[in-house]
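Q: I have a structure on my screen and would like to learn how to read it step by step. Where should I begin?

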Amino acid sequence: MTYVVTDACIRCKYMDCVEVCPVDCFYEGENMLVINPSECIDCGVCEPECPAEAILPDTENGLEQWLELNAKYSAEWPNLTTKRDSPEDADEFKNVDGKFEKFFSPEPGEGD
């Protein structure tokens, strides 16, 4: 089992999860984070820290696409080990539906 970041993170990118991760398995895209499933130790400390409820265990139904996306982009995007400020408009996008289709960017973020 591993944890995955879903589209609820897109345009929110709160980063509270990064601060508590004991193995630094978060990677930063332009407008979302992903978890490297090979590095995640399944501790689950990140899940309750996410204000957008974007982090879920991959054992939940329907998360196969998110496991693939997390694996793909964690190999391409830079590692992020320190929390930074969230986007100023993060709260406006917290409960928006269909964020992947509307806002997903494959571009990397800054990382550390």
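A: Begin with the elements: helices, of at least four residues, and strands, of at least two, are DSSP runs numbered from the N terminus. Keep in mind throughout that this is a predicted model. From the N terminus on, the elements of this chain follow the order β-α-β-β-β-α-α, and in total there are 3 helices and 4 strands.

Q: What share of the residues counts as buried?

A: A residue counts as buried when its relative accessible area is under 20%, and as exposed when it is over 50%. By this rule, 44% of the 112 residues are buried.

Q: Which residues of helix α2 are buried, and which exposed residues does the face turned away from them carry?

A: In α2, which spans residues 64-74, the buried residues are Trp66, Leu69, Asn70, Tyr73 and Ser74. They lie on the same side of α2, because the arc they cover around the axis is only 115°. The face turned away from this buried side carries the exposed residues Glu64 and Glu68, whereas the buried residues pack against β1, β2, β3 and α3.

Q: Is glutamate 28 buried or exposed, and what does its side chain contact?

A: Glutamate 28 lies in strand β2, residues 26-28, and because its relative accessibility is 2%, glutamate 28 counts as buried. Its side chain makes a polar contact of 2.8 Å with the side chain of lysine 13, and also reaches the backbone nitrogen of glutamate 110 at 3.3 Å. Beyond its neighbours within four places in sequence, glutamate 28 is in contact with several residues, including Met15, Leu33, Trp77 and Arg84.

Q: Where does threonine 2 lie, and is it buried or exposed?

A: Threonine 2 lies in the segment before β1 and is buried, with a relative accessible area of 4%. Leaving aside neighbours within four places in sequence, the contacts of threonine 2 include Ile35, Cys40, Leu56 and Leu67.

Technical notes
Residues are numbered from 1 along each chain as its sequence is written. This is a predicted model: local features need pLDDT of at least 70, side-chain atom pairs count only at pLDDT 80 or more; totals for chains, interfaces and linings use all residues. Side-chain values use heavy atoms; hydrogens and water are left out. Buried means under 20% relative accessible area, exposed over 50%, partly exposed in between (1.4 Å probe, protein chains only). Contact means heavy atoms within 4.5 Å. A polar contact is a pair of N or O atoms within 3.5 Å; within protein, one must be able to donate a hydrogen and the other to accept it, and residues adjacent in sequence count only if both atoms are side-chain atoms. The arc is that of the directions from the helix axis to the C-beta atoms.
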